[in-house]
Amino acid sequence: MSVRRSHLPGAVAALCLCAAAGTVAVPTTPAAAATTAQVRQAPALHSALPRPIGPKAFRFALPEPSGPYAVGTVELHLVDRDRPDPWVAGRSRELMVSVWYPAKRGGGDRAPYLSPPLADYLDGLTVAQLGLEEGQVDAAEVMTHARIGAPLRDRRDRPVVLYSPGGGNPRHLGTTLVEDLASRGYVVVTMDHTYETPAVEFPGGRVATQSLPSSGDSVALNRKMIDTRVKDTRFVLDALAELAAGRNPDAEGRRLPSGLGRALDLTRIGMFGHSAGGFTAGEAMLTDRRIDAGADLDGSMAYSMTNGVYGEVAERGLDRPFMLMGAGMSRDLPHTHRDAPDWKSFWERSTGWKLDVYMAKGEHSSYTDFQSIVPQLGKRFDVPQKVVTDAVGTVDPARSLRSQRAYVTAFFDEHLRGRPQPLLDRPSPLHPDVELVP
């Protein structure tokens with residue numbers, strides 16, 4: 001099973017949504033929540049009976065986007081009637097995605113960070129793992145900085161970037177980077193991979209919970225998960241083409257912001273993801289040339305590191321721009337293309353533009369919203385410092401986030417907008433925690 005072992009204490013298991021009794025697997029492959037132990041012992045989802053929230057419950061805050069534009073967002077319910085769901089028999093494959101875009105200021109309510117079922121799940125895990133009393137953390141009331149259905153800022157065509165989350169994680173965990181890209185002029189589309197993530201809420205309040213096999217060949221399961229994710233990605237691209245053509249791909253036909261389809265420049269498409277989402281980005285680029293550039297945020301490109309079973313993208317490489325962003329240690333070595341054999345194989349076989357960005361003092365979850373959330377919870381509830389640093393490293397959280405936003409934006413600016421970025425060419429004193437690995 002090809003997961004990076006972080007050996008984190010139970011508190012971080014709650015925050016990673018991938019707890020197994022006695023250990024915590026922090027995934028860089030699709031194996032998150034896919035091992036027998038993880039699936040069998042995943043805490044129950046209490047969507048029917050929300051946890052009581054105290055009047056003084058702590059609400060963590062998401063960092064504000066750093067770009068010049070306000071951000072709007074809208075959800076789409078997409079149903080692929082030509083594809084049976086691979087995890088649940090008798091259903092067509094259906095997805096929930098969020099579209100984030102530059103918007104006019106004002107108008108519309110702020111979008112909640114998590115749907116109530118997922119917030120309840122996170123709250124419940126936090127209570128169980130941190131030993132808090134119920135109601136001390138109120139994730140359901142945390143807001144993003146985007147406005148629901150806000151009018152588009154203008155009629156300009158904008159490059160499109162897809163985001164795929166880590167294995168077993170919801171699309172929401174990339175919000176900090178996603179909102180920032182939208183505030184800098186991109187249309188960003190985040191996707192949930194249904195029945196892999198703990199909970200996906202569909203229109204009308206229907207909730208699809210995780211439904212993965214509890215036994216079997218882990219390599220075969222990992223392959224199936226990545227294959228499903230790649231097909232999800234291609235279906236989302238098809239739906240965006242429908243939207244750009246003036247049709248509404250939402251299954252319920254819900255009203256969308258005027259001009260949203262016209263804002264999509266589908267001749268300029270990028271993709272990035274954390275962990276298994278980064279692996280997904282690479283594999284999707286192999287099979288779909290609509291994706292022009294991609295980035296992998298600390299994700300392995302192997303189905304089994306132990307047995308040397310690598311993904312096709314690691315075996316073949318890519319001929320288009322791709323950025324690796326690693327953090328901390330993997331298998332007791334720095335997570336760079338020099339030391340990780342799957343990344344090394346990808347690097348040596350890729351003929352396109354490539355860059356390896358390494359944050360030594362970070363950790364796997366540094367490339368998610370946990371980089372901002374975990375330190376807040378640690379400070380508020382006096383969590384042992386080792387728990388915090390095991391999750392997100394010893395890097396300064398604000399500097400880490402600033403660097404991530406800078407490099408992700410610079411990468412897509414150069415390769416989707418054609419704007420040369422010196423930041424990608426040499427080390428920057430503005431980002432002392434980051435190393436460019438030749």
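Predicted model: local features only at pLDDT ≥ 70, side-chain atom pairs only at ≥ 80, totals over all residues.

**First stop: Val313 and its surroundings**

Select Val313 and then show the residues it touches, which, leaving aside those up to four places away in sequence, are Phe279, Gly282, Glu283, Leu286, Met301, Leu318 and Phe346. Val313 itself is found in helix α7, residues 312-316. Is Val313 buried or exposed? With a relative accessible area of 0%, Val313 counts as buried, because the cut-off for that word is under 20%. Now pick out Leu286 from the neighbours: although Val313 and Leu286 are 27 residues apart along the chain, their C-alpha atoms are separated by 6.7 Å.

**Second stop: two packed helices**

Next, select residues 276-287, which form helix α6, together with residues 218-244, which form helix α5. Two packed helices are described by the angle between their axes and the distance between the axes. Here the angle is about 65 degrees and the axes are 9 Å apart, while the crossing of α5 and α6 is right-handed. To see the contact, show Ile226, Arg229, Val230, Thr233 and Arg234 on the side of α5, and Ala276, Gly277, Phe279, Thr280, Glu283, Ala284 and Thr287 on the side of α6.

Now show the strands, and follow the open sheet of 11 strands in the order β6-β7-β4-β5-β9-β8-β12-β13-β16-β19-β20, where the pairing is mixed. Its edge strands are β6 (110-112) and β20, each of which pairs on one side only. α5, which you have already selected, packs on this sheet and touches β4 (70-84), β5 (92-103), β8 (158-164), β9 (187-191) and β12 (264-274), with its direction at about 115 degrees to that of β4.

Within the sheet, select β9, whose five residues out of five are buried. In a regular strand the side chains alternate between the two faces of the sheet. In β9, Val187, Val189 and Met191 lie on one side and Val188 and Thr190 on the other, and both faces are covered. On one flank, four bridges join β9 to β5 in the antiparallel sense, and Val99 stands opposite Val189. β8 also pairs with β9 over four bridges, but in the parallel sense, and there Leu162 has Val189 as its bridge partner.

Move along to β20, which is joined to strand β19 (residues 354-359) by two bridges, the two strands running antiparallel. Helix α11 lies across β8, β12, β13 (293-297), β16 (322-327), β19 and β20, and runs at about 170 degrees to β16.

Finally, select Asp433, which lies in the loop between α11 (397-416) and β20 (435-436). Which residues does Asp433 touch, not counting those up to four places away in sequence? They are Tyr358, Met359, Ala360, Val395 and Arg399. With Arg399, the side chain of Asp433 makes a polar contact of 2.7 Å. Although Asp433 sits in a loop, it counts as buried because its relative accessibility is 11%, where the cut-off is under 20%.

Note on methods:
Residues numbered from 1 in each chain as written. Heavy atoms only, no water. Buried < 20%, exposed > 50% of the residue type's maximum accessible area, 1.4 Å probe, protein only. Polar contact = N/O pair within 3.5 Å; in protein donor to acceptor, adjacent residues only side chain to side chain. Contact = heavy atoms within 4.5 Å. Axes fitted to C-alpha atoms, helices over the stretch in contact; angles between N-to-C directions. Left-handed = near helix turned anticlockwise from the far one by under 90°. Pairing = 2+ DSSP bridges.
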